[in-house]
Amino acid sequence: MPRGTIDDAALETEIGQLPALSLIELRNRWKMLFGNSAPKSLRRNFLARAVAYQMQVEAYGGLSVAIKRRLREIADAVRNGDANAALGSNRIKPGTQMIRQWQNTTHKVTALNGGFEWDGRTYKSLSAVANAITGTNWNGYAFFGIKRAPSSNKNAAGPRRSKLDAVPHAEAAPVSP
């Protein structure tokens, strides 16, 4: 159902009434939404939350296929004890050094197991380092010019055409800073 046709207030009211339902009513609601009986081991509070979540999924849509796949990958990695796979390939390996020039000063940051070292101090994230350097909020990856690996191979079917490719005589103009 498209977002514009959902009565948000009615859905919110219905979800708000779930904690007042009996255990039998919650189990019936579960069966109606999920198509099977709720596991007997589920506690009432969790049952109400799961029913509320499923009501929202049916109204607004659920997780994308890519997100579901990534969650399965993380779960498999945790089950197998592989912390690096659970964190993903975007993790910066310890020992990696990032160099950035900011306001005529060169800053060198070293990745550690538990964060990043800059100017003799340890920070939990690259964003915290970028904030310490600039005094403003930055995405650490953007500040240091680190490109994250794409979640899928977007070029598997060949390169995409840009708007410039569609117009043979068009030229790219340089963007001023």
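Me: Which residue in β2 does Gln101 stand opposite?
Reply: Gln101 stands opposite Thr106. This is a predicted model, in which local features need pLDDT of at least 70, side-chain atom pairs count only at pLDDT 80 or more, and totals for chains, interfaces and linings use all residues. Residues are numbered from 1 along each chain as its sequence is written, and side-chain values use heavy atoms, with hydrogens and water left out.

Me: How many bridges join β1 to β2?
Reply: Six bridges join them, and the two strands run antiparallel. Strands (E, at least two residues) and helices (H or I, at least four) are DSSP runs, numbered from the N terminus. Two strands pair if DSSP finds at least two bridges between them.

Me: What is the order of the strands in the open sheet?
Reply: The order is β1-β2-β3-β4, with antiparallel pairing. The edge strands are β1 and β4, each of which pairs on one side only.

Me: On to helix α6: which residues are buried there?
Reply: In α6, residues 126-134, the buried ones are Leu126, Val129, Ala130, Ile133 and Thr134. Buried means under 20% relative accessible area, exposed over 50%, and partly exposed in between (1.4 Å probe, protein chains only).

Me: Why do they line one face of the helix?
Reply: Seen down the axis of α6, the buried residues fall within an arc of 115°, so they line one face. The arc is that of the directions from the helix axis to the C-beta atoms.

Me: What do they pack against?
Reply: They pack against β1, β2, β3, β4 and α7 (140-143), where contact means heavy atoms within 4.5 Å.

Me: And what follows α6?
Reply: Gly135 follows α6, and its phi is positive, near 85°.
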